[in-house]
Amino acid sequence: CYGPVTGGANTNWLYTCTWPNKVFHNGDTVYGLVRLENVWVNHTFRAEFWRDGVKQWHADQYNQVDKQWGWQYSHFWPRATGIWPGTWEIRIYVDVGKGFILLDTLPFTVL
(Lines give C-alpha, C1' and ligand atoms only; values in the text may rest on other atoms or scores of the structure.)
Protein backbone atom coordinates (compact mmCIF):
# COMPACT_ATOMS: atom_id res chain seq x y z
CA CYS A 1 0.00 0.00 0.00
CA TYR A 2 0.98 3.57 -0.56
CA GLY A 3 -0.22 4.88 2.77
CA PRO A 4 0.40 3.52 6.24
CA VAL A 5 -1.33 0.52 7.78
CA THR A 6 -4.12 1.67 10.10
CA GLY A 7 -6.12 0.01 12.85
CA GLY A 8 -5.73 -1.00 16.48
CA ALA A 9 -8.00 -1.07 19.50
CA ASN A 10 -10.47 1.29 17.78
CA THR A 11 -11.00 -1.29 14.97
CA ASN A 12 -11.03 -4.38 17.25
CA TRP A 13 -7.43 -5.08 16.16
CA LEU A 14 -8.33 -5.41 12.48
CA TYR A 15 -5.67 -3.57 10.46
CA THR A 16 -6.12 -2.33 6.89
CA CYS A 17 -3.96 -0.97 4.12
CA THR A 18 -4.36 2.70 3.24
CA TRP A 19 -4.32 3.45 -0.51
CA PRO A 20 -3.59 0.00 -2.01
CA ASN A 21 -1.31 0.40 -5.01
CA LYS A 22 1.10 -1.55 -7.22
CA VAL A 23 2.97 1.37 -8.80
CA PHE A 24 5.26 3.64 -6.77
CA HIS A 25 7.89 6.27 -7.46
CA ASN A 26 11.57 6.52 -6.59
CA GLY A 27 11.92 7.44 -2.91
CA ASP A 28 8.40 6.37 -1.85
CA THR A 29 7.60 4.24 1.19
CA VAL A 30 5.95 0.91 0.41
CA TYR A 31 3.89 -1.04 2.96
CA GLY A 32 2.81 -4.68 2.78
CA LEU A 33 0.13 -6.25 4.97
CA VAL A 34 -0.67 -9.85 5.84
CA ARG A 35 -3.31 -11.13 8.25
CA LEU A 36 -3.73 -14.59 9.74
CA GLU A 37 -6.98 -15.49 11.47
CA ASN A 38 -7.62 -17.86 14.41
CA VAL A 39 -4.01 -18.21 15.54
CA TRP A 40 -3.12 -20.65 18.34
CA VAL A 41 0.67 -21.09 18.04
CA ASN A 42 3.79 -18.97 18.32
CA HIS A 43 4.95 -17.93 14.89
CA THR A 44 7.47 -15.84 12.98
CA PHE A 45 6.62 -13.78 9.93
CA ARG A 46 9.30 -13.06 7.33
CA ALA A 47 9.16 -10.53 4.52
CA GLU A 48 11.77 -10.82 1.78
CA PHE A 49 12.20 -7.81 -0.49
CA TRP A 50 13.24 -8.77 -4.03
CA ARG A 51 14.20 -6.33 -6.80
CA ASP A 52 14.61 -7.49 -10.41
CA GLY A 53 14.89 -11.11 -9.25
CA VAL A 54 17.58 -10.46 -6.61
CA LYS A 55 16.90 -10.61 -2.87
CA GLN A 56 17.72 -7.24 -1.28
CA TRP A 57 16.95 -7.90 2.42
CA HIS A 58 14.46 -9.50 4.78
CA ALA A 59 12.66 -8.57 8.00
CA ASP A 60 11.29 -10.95 10.66
CA GLN A 61 8.62 -10.52 13.33
CA TYR A 62 8.16 -13.08 16.11
CA ASN A 63 4.78 -13.39 17.86
CA GLN A 64 4.23 -15.27 21.10
CA VAL A 65 0.63 -16.45 21.43
CA ASP A 66 -1.16 -17.38 24.65
CA LYS A 67 -2.13 -21.00 23.90
CA GLN A 68 -5.08 -20.81 26.32
CA TRP A 69 -6.75 -17.88 24.57
CA GLY A 70 -5.23 -17.71 21.09
CA TRP A 71 -5.54 -14.68 18.85
CA GLN A 72 -8.37 -13.79 16.53
CA TYR A 73 -5.88 -12.08 14.19
CA SER A 74 -2.14 -11.83 13.72
CA HIS A 75 -0.85 -9.03 11.48
CA PHE A 76 2.47 -8.19 9.91
CA TRP A 77 3.14 -5.03 7.91
CA PRO A 78 6.67 -4.78 6.58
CA ARG A 79 7.71 -1.53 4.95
CA ALA A 80 10.48 -0.22 2.77
CA THR A 81 11.41 3.45 2.87
CA GLY A 82 13.19 5.32 0.10
CA ILE A 83 12.50 2.54 -2.41
CA TRP A 84 14.32 2.80 -5.76
CA PRO A 85 13.25 1.93 -9.34
CA GLY A 86 12.75 -1.64 -10.49
CA THR A 87 10.37 -4.58 -10.51
CA TRP A 88 9.83 -5.59 -6.89
CA GLU A 89 8.21 -8.34 -4.84
CA ILE A 90 7.58 -8.73 -1.14
CA ARG A 91 7.53 -12.46 -0.41
CA ILE A 92 5.65 -13.18 2.82
CA TYR A 93 6.44 -16.31 4.84
CA VAL A 94 5.35 -17.76 8.19
CA ASP A 95 7.11 -20.27 10.43
CA VAL A 96 5.07 -22.08 13.11
CA GLY A 97 8.07 -24.14 14.25
CA LYS A 98 8.56 -26.29 11.15
CA GLY A 99 10.39 -23.88 8.84
CA PHE A 100 9.22 -20.97 6.73
CA ILE A 101 6.28 -21.50 4.36
CA LEU A 102 5.51 -19.01 1.57
CA LEU A 103 2.10 -17.39 2.15
CA ASP A 104 1.95 -14.81 -0.62
CA THR A 105 3.95 -12.71 -3.06
CA LEU A 106 3.11 -9.02 -3.39
CA PRO A 107 4.46 -7.65 -6.71
CA PHE A 108 4.91 -3.93 -7.37
CA THR A 109 6.80 -1.58 -9.64
CA VAL A 110 8.85 1.47 -8.74
CA LEU A 111 9.29 4.06 -11.51
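Predicted model: local features only at pLDDT ≥ 70, side-chain atom pairs only at ≥ 80, totals over all residues.
Residues are numbered from 1 along each chain as its sequence is written, and side-chain values use heavy atoms, with hydrogens and water left out. Local features need pLDDT of at least 70 and side-chain atom pairs count only at pLDDT 80 or more, while totals for chains, interfaces and linings use all residues.

**View 1. The disulfide between Cys1 and Cys17.** The structure holds one disulfide, a term for a pair of cysteine sulfur atoms within 2.5 Å. Here the S to S distance is 2.2 Å. The bond links distant parts of the chain, 16 residues apart: Cys1 sits in the segment before strand E1 (5-6), and Cys17 belongs to strand E2 (residues 16-17). Strands (E, at least two residues) and helices (H or I, at least four) are DSSP runs, numbered from the N terminus. Cys1 is buried, with a relative accessible area of 7%, whereas Cys17 is partly exposed at 26%. For these labels, buried means under 20% relative accessible area, exposed over 50%, and partly exposed in between (1.4 Å probe, protein chains only).

**View 2. Thr18 and its surroundings.** Follow the chain to Thr18, in the loop between E2 and strand E3 (23-24). Thr18 counts as buried, at 17% relative accessibility. A polar atom of the Thr18 side chain lies 2.7 Å from the backbone oxygen of Pro4. Leaving out residues up to four places away in sequence, Thr18 touches Cys1, Tyr2, Gly3, Pro4 and Thr6; contact here means heavy atoms within 4.5 Å.

**View 3. The largest pocket.** Its volume is about 250 Å³. On a 1 Å grid over the protein atoms alone, a pocket is an open set of points where a 1.4 Å probe fits, with protein on both sides within 12 Å along at least five of seven lines; lining residues have an atom within 4 Å of a point. Points are joined across faces, edges and corners, and the volume is the space filled by probe spheres set on them. Of the 14 lining residues, Cys1, Asn21, Tyr31, Gly32 and Leu106 lie nearest the centre. Strand E4 (30-31) and strand E11 (100-110) each supply at least two lining residues, and E11 gives the largest share, three. By class, the lining has eleven nonpolar, two polar and one charged residues. In this scheme Ala, Val, Leu, Ile, Met, Phe, Trp, Tyr, Cys and Pro are nonpolar, Asp, Glu, Lys and Arg charged, and the others, Gly among them, polar.

View 4. Five lining residues, the largest share, come from E8. The lining has five nonpolar, six polar and no charged residues. Asn12 lies in the loop between E1 and E2 and has a positive phi, near 55°. Trp13 lies in that loop between E1 and E2 too, with a positive phi of about 65°, and is partly exposed at 48% relative accessible area. Most residues other than glycine have a negative phi.

**View 5. Ser74 and its contact with His43.** Beyond neighbours within four places in sequence, the contacts of Ser74 include Val34, Leu36, Phe45 and Asn63.

Notes
Polar contact = N/O pair within 3.5 Å; in protein donor to acceptor, adjacent residues only side chain to side chain.
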